[in-house]
Amino acid sequence: MASKPSPFFPPPPPPPNRIHEADARLLQPRSRDHYDSPSAYLKPSSSSLAGAKFGSQIKRKEWFLVASVVALSLVVRLWNIWEPSSVVFDEVHFGGFASKYIRHTFFMDVHPPLAKLLITFAAWLGGYQGGVDDFKDIAKEYDASVPYVMMRLLPGLLGVSLVPLTYLTLRSLSCTTTTSLLGSSLVLFDNALVAQSRLILLDSPLIFFTATTIFSYCRFSNEDAHAPFQRSWWRWLLSTGLNLGFVASCKWVGLFTIATVGFSTVIQLWTLLGDIKVKPRMWARHFVARLAGLVMVPILVYMFTFRVHFWLLHSSGEGDGFMSSEFQHTLRGHGMADTFAEVAYGSTVSIRHYNTQGGYLHSHPHNYPSGSQQQQITLYPHKDDNNDWLIVNTTHSVQEGPIKYVKDGDQVKLLHKGTEKRLHSHDVRPPISEVDFQQEVSGYGFEGFEGDANDIFIFELSHSPNKSARKQLRTLRSHFRLRHMLTGCYLFSHKVKLPEWGFEQQEVTCNKNPSLDNSLWYIETNENPLLPSGADRVNYERPGFLSKFLELQAVMWRTNAGLTDRHAYDSRPTSWPFMRRGINFWVKDHRQIYLIGNPFVWWGSTFAVLTYMAFRGLLILRAKRGFRDLHHPLIVRYDSTLAFLLGGWFLHYFPFYLMQRQLFLHHYLPALWFSILLLCVLFDMATSKIRPKSRLAIALVIVIITLVGFRRYSPLSYGSPWTKTKCETGKWRKSWDFSCADFHDSLSDYDITTSKPLTSPLFPEPIESQSTTAGSLNVKIEPGPNVFDPKVDANPAVAADAQGQQILEKGRDEGVPVHGGADDLATGSPDDEDPSPTLVPTVIQERQAEALAREEEKKRREEKLEASIGLKAAEEPLIPFKDLEGEEKVEAEQLVAEALENDQKEEEEAVAEAEAEAAEIEAAV
């Protein structure tokens, strides 16, 4: 069938009586070496960087542009990075992890360690010694001993580097200089990328290593298309492998980057397999080289970061409970003396749960508040005397005669040493897990009572990993189940906490249909006076690095999957490309940091993704109808590049739909970077046929629009002053839930509530806060009280009084002359004598007395109203307000309206008086 001309790139009419050139190529036998290789999306045009040294294709002016972009990025990313001077969002976690690294105390986190290690290195360079409570709470002011500026500089500099990396990646994809500058500008002026790179968070290292990986892989693919197995080819292959290891070692989201490179590599190898010029031996070399560089190298890097992790965290810490007992005993502070190996009747043992972080079977002299109200049996995570149990037979409480060892199938009773109660179960539902197939487990018995049949349990040793421990009970080696003799249920525990009456310890029940892991137990310690001192003793087998590494991966996976609780600012992937809501990072002193992107960047990149998908679908439909758009060299090149970037966006975005854990907007940032690249390549394609100056003009307009969006929302990225009016006008979507009520009405209101002087390793002297000057008066104003803090009195009058008192005391403490006379204020001459002891204190005392009087008047009115209501209640039965009728309802409504009106008047008077007091205090000062 004759092909139809493409409206996108119409070919010139063929000469008369000659076959069209494209048709002639189709009629010729196609050799197998003519293929669109996976590096076709990187296949160079005349401006390509491939096939030559990287710098040889970039002119000096272009390097000047790169340097200019870096300089601008330094300003945008690092401007006032010391603000805020308090803990922001997840700095609570990742700053705290740096403290634990420095103190060498073990912790457990769901993320791999590389990014945390880099932050710790920055803290170490800043001289940090590691405090326990330095990162305890959000909005907590940093102490002078915490080099938080140095720690923020690490992600900040990586955020700076992302901007030139974007430029170089686009140039490696054969885009023009204008397009590359456009891409770096979009990354530079995105508010979300700016905000997350200014804080002690893991997203900046993650995105940086994602970018270095894709850049290295683009360079490798360019080299592979022209000169494989050359020195530069090996260099870029190794660089890609190293960066794959780095990105996976920051967060497991880096696995999506590995998938992006992996799919492209598979396509490369598949295409090479179809090239008859590539002999099988050569193809094997390609395969082995990629296997070593893109698989083995990342694995080794990933494991090495955990090797450093274990080397630093060698002492017992908060994360011990997540790990197995064998793992815990490799940490300092968890040592245990050797204990008897064979368990006999009369042995005092401690019994540990095999699963749920290995708590101890525990009891204490406290009863259940419901059910049988007998003594509580719990799972307790720490060593304690209340974990000791005595193994006795079913007929005698004390072992008599020759020693008898406990074997598989033996019926025993377990006597709690501390309270003399026996482990007991009966047909009573447990207090928390009230289901039919679970029974309560309690401690039961009293003096002189030998127990009953509900105290008898049967040892089942068939699940022990060691064959010799399946017949006879052995310490640490036998894994057993305890089956209740009468009811057939098994001693069981799971991750359910008891309330306060159970001291939030873990619930223990008797389950008739338990999971195997949650019903397995083992004995950790074993003491028996009847055993000879020379009897066999055992201890935990110390696991090697590989065992610890694999165990930690499993714990990280389970913990990560278990983060299913809702968060006030979590969101689902459907909302991310359209930026339906952000994340509130920090609110303090009428400022706010809220993670939100530049709307023009986010919506523009999402529109580009949808546009390419629609365009590609149209090309497929046109190809079905005989059009040859996909044979046009320009479309083939751009289509391959766009397909690669779309794949990267897809693989970094859609896997989140499969996750049920907590998700946040920042999880979309790596996919955002791919969508920005796709937008730029689409721009490069759309402007490929116009003049360079016109392309530059269009790009400049886009950058200006982007800059407008960045400027509008920069107060939320930097935590800088903003006004309520600008905040309200900036809410372009109702779902954007940043709080405009936290901002002042005017920027001038921030002049009297500035931040405290700041210090950092980079600035040894305090950075002066704003000051107010009247003549020679120069008093630094400290932050006013945070009225949003429940611990602070929100009464405006009291707040104003406190601020005035703060000004006075600050001036006295620092020896600053505070002038009280009218002549001094008029002339501005200094006064070496002490400030007037009468004027300012008198004003403050008067205002405080007035505030107290108002409070007393309010209480009197409330008491009067309560007395009136009480009188009515004494005369007649209490009637709900909705059931009142006639005059009674009218009277009640009048009382309520009067109370509301009085409260409103009081609030208005308090605000007016507070403003007058502030002005009076300022004049007095």
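1. Arginine 352 and glutamate 524 are both buried, a term that stands for under 20% relative accessible area, with exposed set at over 50% and partly exposed in between (1.4 Å probe, protein chains only). These two residues form a salt bridge in which the closest N and O atoms are 2.8 Å apart. The pair links distant parts of the chain, with arginine 352 in strand S2 (residues 348-353) and glutamate 524 in strand S13 (residues 521-527), 172 residues apart.

2. Please keep in mind that this is a predicted model, in which local features need pLDDT of at least 70 and side-chain atom pairs count only at pLDDT 80 or more, while totals for chains, interfaces and linings use all residues. Residues are numbered from 1 along each chain as its sequence is written, and side-chain values use heavy atoms, leaving out hydrogens and water.

3. Across the whole structure the search finds 16 salt bridges, each being a side-chain nitrogen of Lys or Arg within 4 Å of a carboxyl oxygen of Asp or Glu.

4. Another of these joins the side chains of arginine 152 and glutamate 91, at 2.9 Å from N to O. Arginine 152 lies in helix H5 (residues 148-172) and glutamate 91 in helix H3 (residues 91-103), 61 residues apart; helices (H or I, at least four residues) and strands (E, at least two) are DSSP runs, numbered from the N terminus. Arginine 152 is buried at a relative accessible area of 0%, and glutamate 91 is likewise buried, at 0%.

5. Glutamate 141 pairs with lysine 588 in a salt bridge whose closest N and O atoms are 2.6 Å apart. Glutamate 141 is partly exposed, at 26% relative accessible area, whereas lysine 588 counts as buried at 14%.
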